[in-house]
Amino acid sequence: MNFHKAAFKASYGTEAQLPESNRAEVSFAGRSNVGKSSLLNKLMYRKGLAKVSSTPGKTATVNFYDVDGVDLVDLPGYGYAKVSKSELDRWADLIEGYFNQDRQFALVVSLIDIRHDPSQLDHDMVGFLADAQLPFAIALTKADKLSKQKANTQKQRIMRALELPQGTPVLLTSAETGAGIEDLRRLIASCISPA
Ligand SMILES: Nc1nc2c(ncn2[C@@H]2O[C@H](COP(=O)(O)OP(=O)(O)O)[C@@H](O)[C@H]2O)c(=O)[nH]1
Ligand SMILES: [Mg+2]
């Protein structure tokens with residue numbers, strides 16, 4: 001799978017607009033500001049393909065990227081405090097609608113900021129993925145913000161807190177230094193065409 005072959009496909013604001021799933025897709029979920037756009041850009045070797053926002057909590061959309069015949073799906077970030085009730089409802093409809101559709105989920109990457117203990121919404125997200133038995137992995141973001149030793153301690157702490165199913169991959173990543181990005185590319189590729 002060649003991650004250099006990346007292009008933006010389309011953005012959708014409601015569940016009903018989402019295109020039928022006709023090929024494998026890899027979805028990215030996490031709270032607002034966790035570093036999802038930055039990670040996607042790094043994965044795709046592109047600086048500005050996914051918009052990195054200085055103002056979190058922008059309008060929720062599901063964004064599709066084509067990477068070498070695979071869809072990478074950027075899900076709207078959750079947990080931004082300042083959105084209105086109606087915007088929150090729209091977010092929930094969009095996320096739930098997406099996961100309830102009959103889609104070819106190859107892998108869901110759940111992003112969690114390595115510096116913080118998982119929030120209630122992170123627990124909800126991971127709990128949902130585990131219950132639904134979707135293939136998923138955890139990407140701990142912004143690993144460059146901690147020393148190597150602190151990062152590993154925090155990784156163990158987060159893994160314990162989330163009570164992950166046996167064998168769930170947990171990667172330390174940094175969009176700043178590129179740490180863990182190649183591992184994530186390899187993991188994604190292995191879920192598309194299992195060895
Ligand atoms: N130090 C550091 N900062 C990051 C990293 N990834 C993202 N950020 C910063 O975190 C903020 C939110 O990033 P963004 O990718 O827009 O997050 P999103 O809301 O989850 O899409 C921005 O200021 C980024 O520059 C990282 O790996 N290391
Ligand atoms: Mg983003």
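**View 1. Ser174 sits in the loop between β7 (170–172) and α5.** Helices (H or I, at least four residues) and strands (E, at least two) are DSSP runs, numbered from the N terminus. The model is predicted: local features need pLDDT of at least 70, side-chain atom pairs count only at pLDDT 80 or more, and totals for chains, interfaces and linings use all residues. Residues are numbered from 1 along each chain as its sequence is written, chains are lettered from A and ligands numbered from 1 in the order in which they are written, and side-chain values use heavy atoms, with hydrogens and water left out. Ser174 has 1% relative accessibility and so counts as buried. Buried means under 20% relative accessible area, exposed over 50%, partly exposed in between (1.4 Å probe, protein chains only). The side chains of Ser174 and Asp144 make a polar contact at 2.7 Å. A polar contact is a pair of N or O atoms within 3.5 Å; within protein, one must be able to donate a hydrogen and the other to accept it, and residues adjacent in sequence count only if both atoms are side-chain atoms. Leaving aside neighbours within four places in sequence, Ser174 is in contact (heavy atoms within 4.5 Å) with Ala143, Asp144, Ala179 and Ile181. Thr141 is 33 residues from Ser174 in sequence, yet their C-alpha atoms are 5.7 Å apart.

**View 2. Ligand 1 is surrounded by 16 residues.** The closest are Asn33, Lys36, Ser38, Asp144 and Ala175. A residue is near the ligand if one of its heavy atoms lies within 4 Å of it. By class, the shell has 3 nonpolar, 7 polar and 6 charged residues. Here Ala, Val, Leu, Ile, Met, Phe, Trp, Tyr, Cys and Pro count as nonpolar, Asp, Glu, Lys and Arg as charged, and the others, Gly among them, as polar. A polar backbone atom of Asn33 lies 2.8 Å from an oxygen atom of ligand 1. For Ser38, an N or O atom in the side chain is 2.6 Å from a ligand 1 oxygen. Lys142 places a polar side-chain atom 3.0 Å from an oxygen atom of ligand 1. On its own, ligand 1 has 580 Å² of accessible area, and the protein covers 79% of that. Accessible areas come from the Shrake-Rupley method with a 1.4 Å probe; for residues, only the protein chains shown count as cover.

**View 3. Helix α1 (residues 36–43) is largely enclosed by the rest of the structure, because 6 of its 8 residues are buried.** The buried residues are Lys36, Ser37, Leu39, Leu40, Asn41 and Leu43. They pack against β2, β4, β5 (105–113) and α5 (181–192). Tyr45 follows α1 and has a positive phi, near 55°.

**View 4. Ser27 lies in strand β2 (residues 25–30).** Its relative accessibility is 0%, so Ser27 counts as buried. Beyond neighbours within four places in sequence, Ser27 is in contact with Val73, Leu75, Tyr98, Phe105, Leu107, Val108 and Val109. Two of these residues, Tyr98 and Phe105, belong to one aromatic cluster with Phe99 and Phe128.

**View 5. The whole structure holds 7 aromatic pairs.** Phe8 and Tyr65 form one, edge-to-face, at 5.6 Å centre to centre and 65° between the planes. Phe8 lies in strand β1 (residues 6–12) and Tyr65 in strand β3 (residues 62–67), so the pair ties together parts that are 57 residues apart in sequence. Rings of Phe, Tyr and Trp (its six-membered ring) pair if their centres lie within 6.5 Å; planes under 30 degrees apart count as stacked, over 60 as edge-to-face and the rest as tilted. Phe8 is partly exposed at 42% relative accessibility, whereas Tyr65 is buried at 2%. Tyr78 and Trp91 form an edge-to-face pair, with 5.9 Å centre to centre and 70° between the planes. Tyr78 lies in the loop between β4 (70–74) and α2 (85–100) and Trp91 in helix α2, so this pair ties together parts 13 residues apart in sequence. Tyr78 is buried at 3% relative accessible area, and Trp91 is buried at 17% relative accessibility.

**View 6. Ser21 lies in the loop between β1 and β2.** Ser21 is buried, with 11% relative accessible area. A polar atom of the Ser21 side chain is 3.0 Å from the backbone nitrogen of Gln104. Leaving aside neighbours within four places in sequence, Ser21 is in contact with Asp102, Arg103 and Gln104.
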